[in-house]
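Consider the structure below with its salt bridges in mind, and then turn to its strands and its surface.

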Amino acid sequence: MKKFLALVLSLMFVLSLVPMAHAEATKRIAVICDPIGTNLFLTQVKDTIEARAEELGYTYSLIECTDSDKWQSNYEAAAHEDYDLIIGVGWQSGSYAKENAEAGYGETQYAVIDTDAGSDAVASFSYNEEQAAFVMGLMAGKAFPEQEIYGYIGCFDGPGSWKYRFGFMEGVKITNPDAKFTFNWTNSYSDPTNAHEYALQMQAKGCTYIFGGAAACNEGIFQAALELAKEGKYIYSIAQDADATTPDNPYIISSQLKNTGVTTSIILDKFFAGELTTGLTELKLADGAIGATWVTNDGNFRNTEIMTDELIAFCQDYVAKIISGEYPFVLADEATYQFNIA
């Protein structure tokens with residue numbers, strides 16, 4: 001009887017350790033970002049985090065910063081919650097990830113997406129946007145080679161937009177070396193009002209193509225395109241981050257893709273393999289994290305009058321050359337770059 005009781009007690013002790021071991025093995029991950037509905041690249045992160053949780057065996061928290069003041073408090077709170085990995089999304093995350101990572105709370109690892117934290121304690125993942133913008137320029141120049149003026153509407157004028165502007169202009173000039181460009185800024189990531197007005201003004205100046213580089217403000221360009229088409233006037237544009245081509249608006253001919261879902265998977269795979277290294281990693285066309293609808297990725301709707309097989313093959317040829325290194329593509333200095341302003 002004593003042996004039986006001893007055996008039972010031993011089994012109970014062993015079984016009691018099973019959930020404890022499981023708990024120790026379960027990683028906890030936090031994602032800190034703006035409200036997820038504000039931008040498609042945030043939705044891509046959310047979807048990937050949710051989709052891979054069971055596969056990799058982690059629990060997660062999505063911590064949304066409802067205003068700019070929440071970034072610091074959310075990072076500080078997460079840093080003291082013993083997460084194994086904290087992923088910040090967007091430029092706002094850089095400084096807070098750096099501050100908390102360098103403070104050394106526990107064993108937490110830090111990663112940021114779409115920014116450079118500038119810290120040896122943070123794994124930073126940014127993008128070579130100029131490569132994807134170059135493909136957008138190739139499209140515009142090839143589809144509308146007789147245009148004198150090409151439009152560009154962005155969020156804010158500054159170093160952050162230069163990679164987009166440079167790539168776009170370089171792509172256009174492959175087929176239209178004398179092209180002129182006109183630029184406007186919404187000074188917002190989400191209000192489409194200014195983008196709508198600028199699109200109407202650009203069409204009046206002779207632009208058939210407008211580069212949509214204004215995040216959610218691009219909706220103003222898309223609406224202007226629909227309105228102008230009813231008058232027999234036409235502008236074509238692109239979306240940003242995720243595919244937005246649709247038969248409801250055939251004037252959106254492509255999207256410059258920034259696949260934060262792919263980036264999130266890269267971070268997760270490296271983290272669980274024990275290979276998440278700190279410092280800056282710049283993702284390129286070759287990584288599959290950036291691209292262009294109908295050139296590197298399929299889309300929802302293809303306007304075959306504009307996006308012809310010939311046009312797509314033309315762009316794909318340059319993509320292959322960039323990836324192989326046959327066509328070196330280096331970001332120029334904005335102060336010395338020569339281009340024509342309309």
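In this predicted model, a search of the whole structure finds 15 salt bridges. One of them joins the side chains of Asp114 and Lys258, with an N to O distance of 3.1 Å. Asp114 lies in the loop between β4 (109-113) and β5 (122-127), whereas Lys258 belongs to strand β10 (residues 252-258), so the pair ties together parts that are 144 residues apart in sequence. Asp114 is buried, with a relative accessible area of 18%, and Lys258 is buried too, with a value of 6%.

A salt bridge is also formed by the side chains of Glu129 and Lys163, at 2.6 Å from N to O; here Glu129 in helix α5 (residues 129-143) is linked to Lys163 in helix α6, 34 residues apart, and both residues are buried. Helix α5 also contains Lys142, whose partner Glu310 sits in helix α10 (residues 309-324), 168 residues apart; the N to O distance in this salt bridge is 3.9 Å. Glu310 counts as exposed at 58% relative accessibility, while Lys142, at 30%, counts as partly exposed. Through salt bridges that share partners, Asp114, Glu129, Lys163 and Lys258 are joined into one network.

Turning to the strands, β1 (residues 27-33) is mostly covered, with five of its seven residues buried. β1 runs parallel to strand β2 (residues 58-64), to which seven bridges join it, and Ile29 has Tyr60 as its bridge partner in β2. β1 also pairs in the parallel sense with strand β3 (residues 85-89) over four bridges, where Ile32 is partnered by Gly88.

Phe156 is found in the loop between β6 (149-154) and α6 (159-175), and is partly exposed, with a relative accessible area of 37%.

Methods:
Residues numbered from 1 in each chain as written. Predicted model: local features only at pLDDT ≥ 70, side-chain atom pairs only at ≥ 80, totals over all residues. Heavy atoms only, no water. Helix = DSSP H or I, 4+ residues; strand = E, 2+ residues; numbered from the N terminus. Buried < 20%, exposed > 50% of the residue type's maximum accessible area, 1.4 Å probe, protein only. Pairing = 2+ DSSP bridges. Salt bridge = Lys/Arg side-chain N within 4 Å of Asp/Glu carboxyl O.
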